Amino acid sequence: MKLLPKLLQAKLSYWRLLLPNRCICCGLKIEEAQTGLCGTCITATCYQTPICLGCGKPLDFIADYCGHCLAKPPLKVVAACSYHAGLGGHIASMKYQQQLVVLSPLIDALTLRIKALAKQGAITLPQAIVAVPLHPKKLASRGFNQAWLIAEGLALRLNLPLWDNQVVRLKQTPAQAGLSGKQRRQNMHKAFALRSVCPYQRIALVDDVVTTGTTTNEINKLFEPDYIDVQVWCLARAEAPSLK
């Protein structure tokens, strides 16, 4: 997994030399070292107020969960922004068109949010980071795993180990987009496996976008028998309350 990300980063650095450093959202020139997104657009698109770590619902006060999620707490999901707040299309382009310009600033924003929530006591930092895997055929077709790129960036910024290539995807499942909640669960059923026993008691699963949490919930089942605490980190939440 090391070579392809380096090639992608080299490609990104090449275009940075040729193109002016402008914000992908507003088009204004970025004077600071940050690339891709200006500080104003990051503030406008990323979470600035409390949200439920279960469903993503806005909260009027700092709390881990809203009242509904508190009754049966789901996995905690930490995201930099809402998929629908203006960056969703750019995150999709990162995955499908190798447009990586938003990757670094969003990883930075997610890192700040993780640190803030840990300081508040809403989450406990994990002992290791795990990237949601792609099926080998999809990885070969796409050329890289966007979740791995995010996980590697977070591991470097937070000085945490990346438990790499130990969660594997067994089934080449259809894309989740457009499926109902029930279809998503059927799609992901027994789609993953562990290559070895996890040596950690707290891990963070990393993906680019979380909608219903079906994928991460299915992976969490692999760790439940050993009572391993799992939380989820992602660039964006695509809130979809209609998908049950």
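1. Helix 5 passes helix 7 in a right-handed crossing (the near helix is turned clockwise from the far one by less than a right angle). Helices here are DSSP runs of H or I with at least four residues, strands are E runs of at least two, and both are numbered from the N terminus.

2. This is a predicted model: local features need pLDDT of at least 70, side-chain atom pairs count only at pLDDT 80 or more, and totals for chains, interfaces and linings use all residues. Residues are numbered from 1 along each chain as its sequence is written, and side-chain values use heavy atoms, with hydrogens and water left out.

3. The axes of helix 5 (residues 103-120) and helix 7 (residues 146-158) come within 10 Å and cross at roughly 50 degrees. Axes are lines fitted to C-alpha atoms, for helices over the stretch in contact; angles run from 0 to 180 degrees between N-to-C directions.

4. An open sheet of four strands has the order 1-6-5-2, with parallel pairing (two strands pair if DSSP finds at least two bridges between them). Strand 1 (77-82) and strand 2 (128-131) are the edges, each with a single partner strand, so one side of each lacks a neighbour in the sheet. The twist averages 20 degrees from one strand to the next.

5. Five bridges join strand 1 to strand 6 (residues 229-237). Val78 stands opposite Trp233 in strand 6.

6. Helix 5 packs on the sheet, touching strand 1 and strand 6 (contact means heavy atoms within 4.5 Å). Its direction makes about 135 degrees with that of strand 1.
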